[in-house]
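Try each task before reading its solution.

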Amino acid sequence: ASPCASPGPHRFDQDSLERYLGSRLPGFPRQPAGTLAVRQYSSGQSNPTFYLQKGGQAFVLRKKPHGPLLPRAHKVDREYRVQKALFSAGFPVPEPLLYCSDVSIIGTEFYVMQHVQGRIFRDISLPEVGPAERSALYLAMIETLALLHSFDLQSLGLQGYGRGPGYCKRQVSTWKKQYDAAAHTDIPAMNKLAEWLANNLPPDDSEESLIHGDFRIDNIIFHPTQARVLAVLDWELSTTGHPLADLAYTTQFYFWPASIKGLGQGSILGFKNTIETPSFEELVSTYCRCRRISTTLSNFNFFLALSYFKMAGIAQGVYARYLIGNASAENSHEFAKVVKPLAERGLELSKRSSFSSTQHSTSGELFHQSRKGQEILLKVKQFMKQHIYPAEKEIIKYYTECRNSEDRWKKPPLLERLKELAKAEGLWNLFLPDVSGLSQLDYAQIAEETGRCVFAPEVFNCHAPDTGNMEVLHMYGTEEQKKEWLEPLLEGKISSCFCMTEPDVASSDATNMQCTIEREGNSYVINGKKWWSSGAGNPNCKVAIVMGKTKNSSASRYKQHSMIIVPMDTPGLKLIRPLSVFGYMDEIHGGHFEIHFNDVRVPVSNIILGEGRGFEIAQGRLGPGRIHHCMRSLGAAEAALEILCQRAAQRQTFGKKLYQHEVVAHWIAECRLSIEQARLLTLQTARKIDMLGNRRARKEVAMTKVVVPRAVLKVIDCAVQVCGGAGVSQDFPLAFMFAYIRTLRLADGPDEVHLSTIARWELLDQSKKLTAKI
Ligand SMILES: Cc1cc2nc3c(=O)[nH]c(=O)nc-3n(C[C@H](O)[C@H](O)[C@H](O)COP(=O)(O)OP(=O)(O)OC[C@H]3O[C@@H](n4cnc5c(N)ncnc54)[C@H](O)[C@@H]3O)c2cc1C
C-alpha cells in the first residue's frame, strides 16, 4: 500500500541496509548500488514500518523503535514468526522474507516482507465504496478472522507462542496496572469496570487460539477491486488467548458512545463514524457460521466490556504521555475526555445479556419470526451482500450483451455458481415450508430480502413459476411424478413453466379455457394454444404443467378442467414466440412464450390429482405462492426508495438539493408510508395463512395482491421522477422494475378480479355479523 507511505524521518543507514539485502534477500536487485528508495509509512507508529523500492521491486521493512523499550513490547521477531507460520498455512499475510537480529545493520532488529498491492481503508465507514461493497468487505474481513481462530496452534508450529491459559485474567490485570500508572483523576466507572471484569472472568479462560490482538479494518489490505482479503497486517499484539476477545474488539465500534467523536484517523480510537450495514448481528453470525459455533456467544458482554476497558486504558495512557510532553498525536490532550464515557459504556455493556446494533422496524416487533426464520434471514442478508449485489453488474451485463444472440436465454455462468454457493449454504428451497421448516411469516421477510435484486430469487431456487409448480407437485403429485419431476426441480437441475392463459379467450376467467386434454387409451392428447408461459425460454425448462379442458358435461363449470404434466420435448409442443413486456424480453426470467400444442400425447399417469380437479389445484397453487410475489416486490420497493433518496441527496436544482424541495421530501415520506402499510398487510396475510390455512386467508391474499403492487409501483414511479431522464434509462434498474411490477397487476390475476373477491368476502363477513346480532 505504497500510497500511504510518507517520506518521513528515519534514522538508519540506508546503504548498510541495501548492502545487507543485496547479499541476503533472494531476488533483491544488487545493482545499481545506492538506488534503494526508503519511505516511512505514516501508520505503524509502534514498530516503524518502511516502504522499500529498488529496481522496480517493492518490499516492506518493519523494525523496532530506537531507544529503551518496555520488556515484551515491540517484539518484531515474534511478528516474523507468526507471519511465517500463517503464510505457510495459507492465511492471508504478507510473505515474510527475511529476519535480521544483527543490530549493526540499521541499529535495531528488523524484518522484511513482501509488499502487497491493494486497498487499505482508513475510515471504518468506508466512504469510498457503496453499501453493498462495504458489506461484502466487512464480511470478508470477519471470515478471515474466523479462519485465523480456526487454526490449531500445534499444526502451525506455534506451541508456546502465547503465555498459556488465563488470557482474560492477564488482560484485566495488565490494563488495570497500565491505567493505574497513568490515571490523572479518579474515575469511579473505571474502577467499577475493573472490579466487575476481575470478578466475572469467563469460565473458559483456558481457551487458547491464535489471536491478532488488533484486528480492525484498517489493518487489512483488500484486493484492488474485489471484496477479498489479501493480507492482514500488524501482528505486534498477536498472542494466544480467547478468540472472542478479537471478535469483541473488531465489532466494538457498533456500540461506540455517540458523545465521542473520532480521535484521529488511523488511531485506535479513531472511529469517526459507525455503520449500519452490515449490522453487528450479520458480522457475528457470519463469524459463528464460519467457525461452526452457536450464535449465542456466551460471555460476550465480558469481552465487549474488556475491549472498552482496554480502550479507556489506552486513552488514559496517551493523555499521560501528553502531560509529560511525550505524546506523538497532536490532539493527545483530548484523550482525557474520553476515558469516562468509554468506561461507562464498558460498564453498561457488561450488564447486557443480548446485543443488537440495529433498530427493529415496527413490523418486525409485531410479527415475530421464529428463531430459525431469523437465522436464515440473517444468512440470506449476508449472502445478498457478499455474493449477489457484487455480482449484479456482471449478470446484467451478460443479459445486455447476449440480447441479440442465440445465447440470450442461457443462464450466465456466474448465476450458476451463485446457485451452487447458496445450495451449499443451505439457502435453498426456502419457500416450501415442508422442506425449509419455515412458516409463511418467516419466509415473507426472507422473500422481501431476495426481492431487492431481480435474479436473486433464482439463486435460492425460490423463483416463479418453479415455486408454484413445485408446490403443486409436492401437494398433489403421485410418488412417481414427484420422483421424476419434483426432485430435479427441488435440486435445481431443471426448471419448468406453467401454461394456463390462452391468447384466444379472456383467461382471467379460467373457465373460458379452450385447450383440450382428451383421453385416448393409455394417453391424454392435448390440443390448444397457450401464451404468457413464463420461463419457457430457459434451455433448462424441461417440463410444463398445462391446464386444459377434460370435458365432463354433467359436472359444474369448475370441474371441467384438469392439470397435466407435459415434458417440453414431447412431439407436437412448439414454442412459437417470446412476448415482450413493455418492450423487454425478460431474458432473466426465461421470457414469456406463446406455445402451441398439436396432438401432444402423454401417458395417463401424467394427470395431476385426477380429471376435473384443475381448479382445486389452482386454488392450492395460488395460495401462499401468490403472495410470494408481493413479498419479493416489497424488496424491490425498498431498493427503489434507496435509489430515490441517494439521487435526491446528490443532485441540485434551483439552488437546493432535490430532497430540500418540499415536494420531493413529501414523496419520500409517502413512499415510506406506502411500503410500511403494504408490508404490514403482507405480514398479516402470511400470519393468517400460517394460522388458518390458505382457504380462510383468501380475502387477505386478495387484498395483499391489490395493495402491494400499487404501493410498489408508486414508489418506483417517484424514484423514476426524482432520477429524471436517467430513471427511465438502462443506467438505472427502475424502468425494468416498473415494467416487471406493473405486470403483477395482471399476471397474478387482474386487480378487478381480486377486488370482486374481496367484496364478496366482505359482504359474507358482514352478513355473518348481522346474523350473529339477530
Ligand atoms: C409478465 C406476465 C407473466 C405471466 N405468466 C404467466 C404464466 O406463467 N402462466 C400463465 O398461464 N399465465 C401467465 N400470465 C398471464 C396472466 O395470468 C393473464 O394475463 C391474466 O390472468 C389475465 O388474463 P388475460 O390476459 O387473458 O386478460 P383478460 O381475461 O382478457 O382480462 C383483461 C382485463 O379485463 C378486466 N377484467 C377481467 N375480469 C374482470 C372482472 N371480473 N371485473 C372487471 N374487469 C375485469 C381486467 O381489467 C383485465 O385486466 C402472465 C402474464 C404476464 C403479463
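Buried means under 20% relative accessible area, exposed means over 50%, and partly exposed lies in between (1.4 Å probe, protein chains only). Helices (H or I, at least four residues) and strands (E, at least two) are DSSP runs, numbered from the N terminus. This is a predicted model, in which local features need pLDDT of at least 70 and side-chain atom pairs count only at pLDDT 80 or more, while totals for chains, interfaces and linings use all residues. Residues are numbered from 1 along each chain as its sequence is written, and side-chain values use heavy atoms, with hydrogens and water left out.

**Exercise 1.** Find which residues of α9 are buried.

Solution. 
- Start with the helix itself: α9 runs over residues 280-291 and has 12 residues.
- Check its span: the distance from first to last C-alpha is 17 Å, close to the 16 Å expected at 1.5 Å a residue, where the expected span is 1.5 Å times one less than the number of residues.
- Apply the cut-off: 10 of the 12 residues of α9 are buried, namely F280, E281, E282, L283, V284, S285, T286, Y287, C288 and R291.
- Look for the cover: it includes α4 (131-149), α8, α10 and α13 (371-402), counting a contact as heavy atoms within 4.5 Å.
- Step past the end: R292 follows α9 and has a positive phi, near 55°.

**Exercise 2.** Describe the largest cavity and its lining.

Solution. 
- Set the rule: on a 1 Å grid over the protein atoms alone, a cavity is a set of points where a 1.4 Å probe fits but cannot get out, and lining residues have an atom within 4 Å of a point.
- Count: there are 5 cavities of 30 Å³ or more.
- Take the volume: the largest cavity holds about 90 Å³, a volume being the space filled by probe spheres set on the points, which are joined across faces, edges and corners.
- List the lining: among its residues are Y167, Q171, D246, Y249, F303 and K310.
- Assign elements: α6 (167-182), α8 (243-251) and α10 (300-323) each supply at least two lining residues.

**Exercise 3.** Place S125 in the fold.

Solution. 
- Locate: S125 sits in the loop between β6 (110-114) and α4.
- Classify: S125 has a relative accessible area of 11%, so S125 is buried.
- Zoom out: 54% of the 774 residues of the protein chain count as buried.

Notes
1 Å grid on protein atoms, 1.4 Å probe; cavity = no way out; pocket = protein on both sides within 12 Å on 5 of 7 lines; lining within 4 Å.
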